[in-house]
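I begin with the chain as a whole and then turn to the ligand and to some individual residues.

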Amino acid sequence: MINVKDLYKSFGKLEVLKGISNHIDEKEVVVVIGPSGSGKSTFLRCLNGLETATSGHIEIAGMELTHSKTKLHMLQQKVGMVFQQFNLFKHLTILENITIGPRKVLKRTKEESNALARELLKKVGLSGKEDSYPDELSGGQQQRVAIARALAMQPEVMLFDEPTSALDPEMVGEVLQVMKDLAREGMTMVVVTHEMGFAREVGDRVIFMDDGMIVEEGSPQDIFSNAQEERTKSFLAKIL
Amino acid sequence: MDVLLSGLKYTVEFSIIAIILMVIIGLIAALMRLSNFFLFRWIATVYVELFRSTPLLVQLFFIVLGLPAILPVNDWFGQRNYPVIATALTLALNEGAYVTEIIRAGILGIDRGQKEAAASIGMTKFQTMRYIVLPQAFKRMIPPMVNQAAQTIKDTSLLAPVGVVELLYKTEIVVSSTFASFKFYGVCAILYFIIIFAVSKTASYLERRFQVDKR
Ligand SMILES: Nc1ncnc2c1ncn2[C@@H]1O[C@H](COP(=O)(O)OP(=O)(O)OP(=O)(O)O)[C@@H](O)[C@H]1O
Ligand SMILES: [Mg+2]
């Protein structure tokens, strides 16, 4: 499903990703952890072409992400992304936020898109909010809409970049619940998060990144209770 | 008085044409300035700087009266049409340079996350502009745009010296034949005031309605 080989990424002189290689299977749920500035977001953003890799090879959802920008939007249709800051379209209603992708990108009819959006809203527990605007919703609700918006494109992979870290503690649970349901339905997911409960419950694999490299990876059990690398241990000691 | 009113008609016509053109020109130039293609950026930047750093009156003299001396523009557009077309276009190009910066600032003011979210659902750059960025930028642009439109209407008064018939020119004709300058220039000023006041009131009304409907 995802194949990354020797991925390097620099911003000017700053080298942020220093040779990342990894393979992620269909239906796998991979949790990425690591200290601030270790390159987790950059890695995720390279996977759907929001950042262009300096060098290396990425294959995702059956398409190759080469250095040229052509057909990037075709790939992005198949790779959903959920951001830390939600990034809902502020000028559109909740329903329109979800339908704009299917309607304008996939050229579905209005009826079809609306029906799909209502179904997704029900799934994330937000039926009845169709006509609200994003700034009328709580953070947790906005993030669930953002997940629905991504799902409306029927993606093959979903990327999550710290989806709960901008939320008040009491709203974290509702968003994680939606993500857990999604994982159990067999969605392929790459999740940057420090929610260890989530990683333990639905994660198939945990990747620990530091300083632009993958330092260690393994099952949640392996990483959380039996880490081999010093850097992993000291990081976990700080957050657990 | 009749002469003044026919001048008023020209002022309104010129203003409308110039405002429509300036918005179109401004939008195109703003998108060019923001494009990744250096030639587009370069052309648009030269255009904006050129028109913003020379006085409108000089531009008018140069294009309306100067160009025919070196180019057969009168043959292309006709002796009678050229001054009219050139005047409207110069006015639009001049105001368009300011509109370019208004639109550019409006677009740049939109949070980067909005564009990234649009890209993440597979929108092309064009779709992102059309459905996500411009609608949000448009709302922020209304107040400065209205100012610019009012400026354009005021600037039609500069068209008098290049001989295109509009309100101030008509006033000059009347004044030089009657010497009642205070009265007539006063009427002229009031007429300009009425037009511009009406424009900005209508605009702020529209702006308020827009915000109620679309939050
Ligand atoms: N667009 C950019 N331009 C320049 N530097 C950047 C850019 N984006 C990220 N960086 C730098 O790259 C490094 C890695 O950033 P990244 O956001 O990938 O880290 P992260 O692991 O996601 O951290 P966090 O946990 O704080 O989100 C940081 O030093 C950051 O300052
Ligand atoms: Mg990050």
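This is a predicted model: local features need pLDDT of at least 70, side-chain atom pairs count only at pLDDT 80 or more; totals for chains, interfaces and linings use all residues.

1. On overall shape, the C-alpha trace of chain A spans about 55 × 40 × 30 Å along its principal axes. The radius of gyration of chain A is 18 Å, which agrees with the value near 18 Å that a compact globule of 240 residues would have. Of the 240 residues in chain A, 56% are buried.

2. On the fold, chain A contains nine helices and ten strands. If one takes the contacts in chain A between residues at least 6 apart in sequence, 64% of them join residues at least 24 apart.

3. The shell around ligand 1 includes the run Pro35(A), Ser36(A), Gly37(A), Ser38(A), Gly39(A), Lys40(A), Ser41(A) and Thr42(A), and Phe11(A), Leu14(A), Val16(A) and Glu162(A) also belong to it. By residue class, the shell divides into four nonpolar, six polar and two charged residues. Strand β2 (14-24) and helix α1 (40-47) of chain A each supply at least two residues of this shell, and the largest share, three residues, comes from α1(A).

4. A polar side-chain atom of Thr42(A) is 2.5 Å from a ligand oxygen, and a polar side-chain atom of Ser41(A) is 2.7 Å from an oxygen atom of ligand 1. For Gly39(A), a polar backbone atom is 3.0 Å from a ligand oxygen. Ligand 1 taken alone exposes 630 Å², of which the protein buries 61%.

5. Seven of its eight residues are buried, so α1(A) is largely enclosed by the rest of the structure. The buried residues are Lys40(A), Thr42(A), Phe43(A), Leu44(A), Arg45(A), Cys46(A) and Leu47(A), and of these Lys40(A) and Thr42(A) are also among the residues around ligand 1. After the helix comes Gly49(A), whose phi is positive, near 80°.

6. Asp6(A), in strand β1 (residues 2-11) of chain A, has a positive phi near 50°. Asn87(A), found in the loop between β6 and α3 of chain A, has a positive phi near 55°. Is each of them buried or partly exposed? Asp6(A) counts as partly exposed because its relative accessibility is 41%, whereas Asn87(A), with a relative accessible area of 9%, is buried.

7. Finally, Thr93(A) lies in the loop between β6 (79-82) and α3 (94-105) of chain A, the loop in which Asn87(A) is also found. Because its relative accessibility is 10%, Thr93(A) counts as buried, the cut-off for that class being under 20%. Neighbours within four places in sequence left aside, Thr93(A) is in contact with Glu130(A), Asp131(A), Ser132(A) and Tyr133(A).

Technical notes
Residues are numbered from 1 along each chain as its sequence is written. Chains are lettered from A and ligands numbered from 1 in the order in which they are written. Side-chain values use heavy atoms; hydrogens and water are left out. A residue is near a molecule or strand if one of its heavy atoms lies within 4 Å of it. A polar contact is a pair of N or O atoms within 3.5 Å; within protein, one must be able to donate a hydrogen and the other to accept it, and residues adjacent in sequence count only if both atoms are side-chain atoms. Accessible areas come from the Shrake-Rupley method with a 1.4 Å probe; for residues, only the protein chains shown count as cover. Helices (H or I, at least four residues) and strands (E, at least two) are DSSP runs, numbered from the N terminus. Ala, Val, Leu, Ile, Met, Phe, Trp, Tyr, Cys and Pro count as nonpolar, Asp, Glu, Lys and Arg as charged, and the others, Gly among them, as polar. The radius of gyration is taken over C-alpha atoms; the globule rule is 2.2 Å times the number of residues to the power 0.38. Buried means under 20% relative accessible area, exposed over 50%, partly exposed in between (1.4 Å probe, protein chains only). Contact means heavy atoms within 4.5 Å.
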